[in-house]
Amino acid sequence: MENVTCTFCGAVCDDLYFDGDEFRTKDFCPLGEAKFSRKKRIEYPTIDGKKVSYEEAVERAAEILHNSKRPLLFGWSSTVNEAIRLGVILAEKVRGIYDQCASVCHAPSVLAMIEEGIASGSLGQIKNRTDLAIFWGCNPVEAHPRHPTRYSVMARGLLTKGRADRKVVVVDVRKTVSALMASHFIQVKPGTDYLVFSAMRALMEGYEDAVPEEVGGVRKEKLIEFVEMIKSAKYITILFGLGIAHTRGHDRNVENVIKLVQLINRYTRCILQPMRGHFNVVGAGEVAAWECGFEWAVDFSRGYPRFAPSEFTGVEALLRKDCDAALIVASDPAAHFPRAAVEQLKRIPVIQIDPFPNMTTLLSKVVIPCAISGIEAEGTAYRMDGVPIRVKKVVESEYWSDEEILEKMLEKVLKLRED
Amino acid sequence: MILVKNGHVIDPVNGINEEMDLFIKNGRISSEFKINEKECEVIDAKGKLVVAGAIDIHAHIAARKINSGRAMRPEEFRRVRQKTGKFRAAVGRTLLTAPAIGYEYVKMGYTTAIEPATPSLYTLHTHEELDSIPIIDKAALPLFGNWHLVFKFIAENDIEKLASFISWVLEKMKGYGVKVVNPGGVEAWMYGSNAHSIDDLVPYYDVSVRDIITGLIKANEMLDLPHSIHIHCNNLGEPGNYETTVDTMKLANGIRNNRRQVLHVTHVQFNAFSGSGWKDMGSGTEEIIKLVNKSDNITIDMGQVIFGHATTMTADGPFQFDLHKLLKNKWINLDVELETGTGVVPLIYRPSSPVHSVMWAIALELGLLVNPDKNVISTDYPNGGPFDRYPYIMTLLLSRKYREKEMERAHKYLQRAANLPSIDIERTLEDIVKMTRSSPARILGMHNKGHLGEGADADVVVYDINPAEFNPDKYREIEKALSSALFTIKGGTVVVKNGKIAGDIWGRTMWVDATLRTTAEIIEPDLEEYFNYYTVNRENYGVEERWMRRAERIEVG
């Protein structure tokens, strides 16, 4: 099948070939190819390790959620919006906590956005207009392998015709493989991004005297040169990753780069784009925002949504032992949460919905396998720039989709509430 | 079946302003007169006002813009309107969640709302959000005014291709009509600039703003779509901009449509400033009002500002950047490849501000002096303020006493810079019904809405207002009655009782299919070429009906 959409990373490539009968792929990157290959699945629904029917598993899950005082509903970034929406409604109805993978990933970027907003654009703005692309604290060649060819570095656009029309700068603490495709590489000392952004803002506004001879391991002349390069470009895109959001300074780093972008826009045009990870982590935030006002860390225990990232994220709620049950969808917190949080997960009944077995399966009471979004189930996903793209069903499957499972679960919960 | 008995019905379309019964059957207004009351739900509306459901012609209720605003402004969602229970939890101050939008609209008797600006690339998102808004009917207008393919067809002076392109987009996007925002100006913003007059040229394509607007009007009329083009003029929010607005309106000269206007100019208040700078900014409504009243092919909506919190959000990227610089407030910008831009900036309208006070007065001048058949109440939600304050605007128009009271709160600069203090007019209930029901329905080409004749959608509202004893000086009571309908019936289902949500249903999303009138073949090579520049495959671009909750296709041609 042509024009298949890949459901691995935030680049959500939609120009791929996939033969569902033979699991043959064409044009995929290694990451996507791994996802679109035959892998070990969870074979059937289980309760306490015993095989049960879908109906029994869903019923038991609904009972657990209904009887829980404040369940945690976590995950969501690797499923489609239709399922996420039901998840938010389910969290509201069982008066639990809705949280998603961003809380352990790009949450600092979202916090910075709450402070400053963000000047951004769709990825086609890089392809068509950008004559200076800056990758800061990210490594697209390894994390979003087709990003450089499809959108950013080599992409052939309307006004910027290709690599020759585009300068590419990589800023990082070490020379990553992405630095090899850059025309300029700037090495900063770990944890000094904030300082470098501040120095650039000062230089941009003409306060050269205020900038010391070296900032974050970068010579002042080199920074001046960089700022001049920015000022003389027509349309700049800065792409950043966890190298900024998860190093010392966290959201303050992102806030500073947003302020730098605001300033650049007084001289020329510039946009900023976070390199989001999972294919629909943007959807996991957007859907929640329109359903309840907040993107993550939402508590419904009072019957209405409240947002507090220091209190209602999955990790924080587990560390404080606030949750007495958990529903984990399309995610593996047992492998990624801090040990103390995972230990709390082991103490409470956990329901898992996932196509594949993972660490979380091992501690789950109810395990419900599902169809793989983008292979066996369709739906809508948001690319890293928020562009909505339909992911397709290309293989028939006996597995229920996330959407079907959650729909039934919500029905059961509403019925239990009425009784 | 519902029987609304003995209510005082005001229905300007059918010339009704008297006591009568209304019978509702199969979701429509019925003219049957042999009715067995025992089979009906009977609503006694003796001494109450009965009208059609209201229509919001311009409210940013869905799409990437409002949702980015939500993400940026968690401070907006501390106001709890409804806890979860039988219905969904509803929260929000000026930005509301999708459930809250549906509930708050029907509580005030609004049953239809139009999302007026969706970038096509993001329109699947728009429909997902519209599908999450309960009860009301809705539709979305895709943005055309800064689309490269539009520039190309205008540059080639090929209106037929442009018309084909419009119908192709509406079908692809399940859109309702043609929205134009700061034509040419948003494309200029991609180069750090803007368009300031209708003679400005768009970079790279060398077409003028004037050509874009007239081209789009002609193409829209060639297709004879239900709605005319819907324009947000250039120079929004700048002193002296009323001249640009007048110039824009004059472009409709000589183009006619028997059913409706050919140009709808939206949130005119923001485009009706006089003066050369903020120090001498004033009301520039006079010429606009004259022109609209004497033309039969132009309509407007007000764009009232409400004192208090607001979140500005438009596709007008350069304006939002200017506002960010002016207010030093947080700023979202989203440049959309080949199509448009977007921006979001929070704002507080303060009565202590001379400029904000004049803006408040300008919209009321439009509301009081423009013919109600050509004018619609709006706040350009959430730009001018929350839509749940529409009853406040209606009451201001109805009651001079209320206006005077509110003017005392406003900055005294208003007395000098606006004409409002000298306007004595009080709008009648019938005028308000026009400005919220019949006019938006006609302007949008929704013939089953905005009236209560046979076959009309059974969107009916009962207010606790007795038209026979109407006294505009009792403005507090009027505002309260308009804010909280006794009954709202949507498509034949009672959804509000005594100001509280009583029923939860899903409304329709209307879209216009004009593909019978055009052939996509003539634009095929252009589409092929331009999809090389998109980052989404052509086959994956667009929205299918089966992905939507309740799509209603309206075929023209």
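In the classes used below, Ala, Val, Leu, Ile, Met, Phe, Trp, Tyr, Cys and Pro count as nonpolar, Asp, Glu, Lys and Arg as charged, and the others, Gly among them, as polar. The model is predicted: local features need pLDDT of at least 70 and side-chain atom pairs count only at pLDDT 80 or more, while totals for chains, interfaces and linings use all residues. Residues are numbered from 1 along each chain as its sequence is written, chains are lettered from A and ligands numbered from 1 in the order in which they are written, and side-chain values use heavy atoms, with hydrogens and water left out.

**Exercise 1.** Describe the lining of the largest pocket by class and by element.

*Solution.* 
1. A pocket is an open set of points on a 1 Å grid over the protein atoms alone, with protein on both sides within 12 Å along at least five of seven lines; lining residues have an atom within 4 Å of a point.
2. The lining comprises 45 residues, and Arg85(A), Leu86(A), Ile89(A), Glu407(A) and Arg549(B) lie nearest the centre.
3. Two or more residues each come from helix H3 (81-93) and helix H17 (402-418) of chain A, and from helix H2 (98-107) and helix H3 (123-130) of chain B; helices are DSSP runs of H or I with at least four residues, strands runs of E with at least two.
4. H17(A) supplies the largest share, eight residues.
5. By class, 18 lining residues are nonpolar, seven polar and 20 charged.

**Exercise 2.** Determine the strand order and the edges of the four-stranded open sheet.

*Solution.* 
1. Two strands pair if DSSP finds at least two bridges between them.
2. The order is E7(A)-E18(B)-E19(B)-E17(B), and the pairing is mixed.
3. Strand E7 (119-121) of chain A and strand E17 (308-314) of chain B are the edges, each pairing on one side only.
4. E18 (332-335) and E19 (343-349) of chain B are antiparallel, over two bridges; Asn333(B) stands opposite Gly343(B) in E19(B).

Definitions and conventions: On a 1 Å grid over the protein atoms alone, a cavity is a set of points where a 1.4 Å probe fits but cannot get out, and a pocket is an open set with protein on both sides within 12 Å along at least five of seven lines; lining residues have an atom within 4 Å of a point.
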